[in-house]
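Please look over the sequence and the structure below before reading on. This report then takes up the confidence of the model, the protein as a whole and one residue within it.

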Amino acid sequence: MWTVLILVVMILFFITGWLRADLVALIGLLGLVLTEQLTPSEAMAGFSNSVVLMIAGLFIVGAGLFHSGLAERLASMLIPYANGSETRLFYLFMLTVTVLSSVMSNTGTVALLIPVVMAMTRQIKQSAKGYLMPLAFFSSIGGTMTLIGTPPNLVAAESLRGLIDVPIGFFSLFPIGAVVMFVGLLYFRLIGNRLLDQGRSREWDEGGAIESINPNVYVMSIDASHPLIGKRLNDLKWSHDGVIVLKERIRGIGKHYETARADTVLRAGSLLVSGDEQRVRSLSEQQHIPFQKVEATNVYDKTGGIVMFTVPGSSQLVGRCLHESQLRNAFHVNVLRVIRPQEEIAQVRLKDTPLKQGDLLMVQGKWEDLERVEQETRLLLSNERVTDVANRTVSSHHQLAAGVIMVMMMTMFVFEWVDPTVAVWLAALAMVMSGAVRHLDVAYQSIQWSSLVLIAAMIPVGTALEKAGVMAWLVDWIGQSFAGFGPAWVLVVLFLATMVLSQIISNTATAILFIPLAIALSESMAVSPVPFVIAVAISASLAFMTPFGSPTNAMVFSVGDYRFMDFVKVGVPLQLLTGIVGILMILLLFPF
């Protein structure tokens, strides 16, 4: 059968990592179309699926939380409660994940907390890998705790309506989810994270050590009668004396500083300058220009700021001086400081200092000019994407707006005032309109397109399996082979079959396919359908073995830079443990 063959080949490529996961999914999807296992419209259905659209919007909402600094503030609130214990912090964060995902979308929880993980791990100087995969897994576990936590629970409750006297309550499944969560926490602290190759955290290894380094910034006021009025900055040669003009504010025109360039003409107003205080004082006395020190944050605004760059070994600047780089003339940026381990380079010597591999350069300029340095030259490597620095700087005044938007979105989720996808996109639009996301282009850039393509391309695979008769064969086989062994063994088989299939297709589709079988089997055996149906609902949500087992797994797959085998190594033992615990809890709480 073409469908099975294509699926096996896709899984082989997923395991080996020979091609990117999203590319494999697309190739497999096209293969199903070319072999006529799916029609073009069926193959494209995943790209219009509400889950995919919801995840795209949630990435934008998450960007608003991250850029505004609210995610970092939330992370900072968790860290003090840990009292310096990494284990306690892990427990606190995963408990938060589980609680949130029990009352709102699992994908929504993960998208909202991914930026919190990135901010938190940067603060505690750990790799985000140790938190992102557990984030995805515990969001799935949290979804099993309430009826609204995940769609299979709702499908199960609705299917049992009219078949039993007392309907399934909102927290009826909570004991199962709570015990599974407890087992999962123990597993990750004792075994799970040891199986992950967490690598080095570039965010703090390279960037964290320099966060506290800021330039000395001063404001100098120039009157209209001053003899320097009308002269260009590149004619003044102030930089040769160690004083660099960063921004200019023209008197009577505006309240904001504009980034200065080499060809900027001096006019009456204020100048933001950087340099050694003694040099600035000397220049002030020579030119009779008053000055005063101001906060370095004045350098950052919507037009420009400061970004750290590293000199790579392949750079043509290695062994050469800054004045040979033409960074100021060609890209209109200023190098404010050269940072070299165990060596302090004087500001006045910047122009004549031969650069070495690994030197850190503090570079100031307009955001678009800094982006040109990042994208159009191999001279320097940015320690953090210029766009990310600009987004965070511009959006930092919108924390309250981002927080209100997040709370409103969660409220709409819980009370179901509008469709969840509509709620997400209302929140995403509000993030852009409020300024928490700098502009629409940034919103598009914040979407993890590889994750979306992977999810959208895998959704139609379930349709292909159903059309090929694989699902019908599986349902018949379970009924004929295990009905004679007693209800407990049938429940085990249902649980395992649902769990395996949910690694390949969506948990909702799996639940919809297996719940009718569960009810039919209970009727033929004259037992209660509740344990069978709940077994299907719980097992459908516990998908840990593959990165495409659930949308949450796919979301962290590319963000955490995981490999397919990372999910296999960590997910398979967790799958077995949670499966055993889940089955035992169902048999204990819901007798036949």
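## Confidence in the model

What is the mean pLDDT of the protein, and what share of its residues reach 70 or more? The model is a predicted one, and its mean pLDDT is 81, with 90% of the residues reaching 70 or more.

## The protein as a whole

The protein holds 26 helices and 10 strands, and its C-alpha trace spans about 100 × 45 × 45 Å along the principal axes. Of its 592 residues, 53% are buried, while the accessible surface comes to about 26300 Å², with carbon and sulfur atoms contributing 60% of that area.

Among contacts with a separation of 6 or more, 77% are made by residues 24 or more positions apart.

## A look at Asp-369

Asp-369 is found in helix 15, which covers residues 367-376. Is this residue, Asp-369, buried or exposed? Asp-369 counts as buried because its relative accessible area is 3%, and the cut-off for a buried residue is under 20%.

Leaving aside residues up to four places away in sequence, Asp-369 touches Arg-261, Phe-331, His-332 and Val-333.

Key. Residues numbered from 1 in each chain as written. Predicted model: local features only at pLDDT ≥ 70, side-chain atom pairs only at ≥ 80, totals over all residues. Heavy atoms only, no water. Helix = DSSP H or I, 4+ residues; strand = E, 2+ residues; numbered from the N terminus. Buried < 20%, exposed > 50% of the residue type's maximum accessible area, 1.4 Å probe, protein only. Contact = heavy atoms within 4.5 Å. Areas by Shrake-Rupley, 256 points an atom, 1.4 Å probe, with all protein chains shown as cover. pLDDT = per-residue confidence, 0-100.
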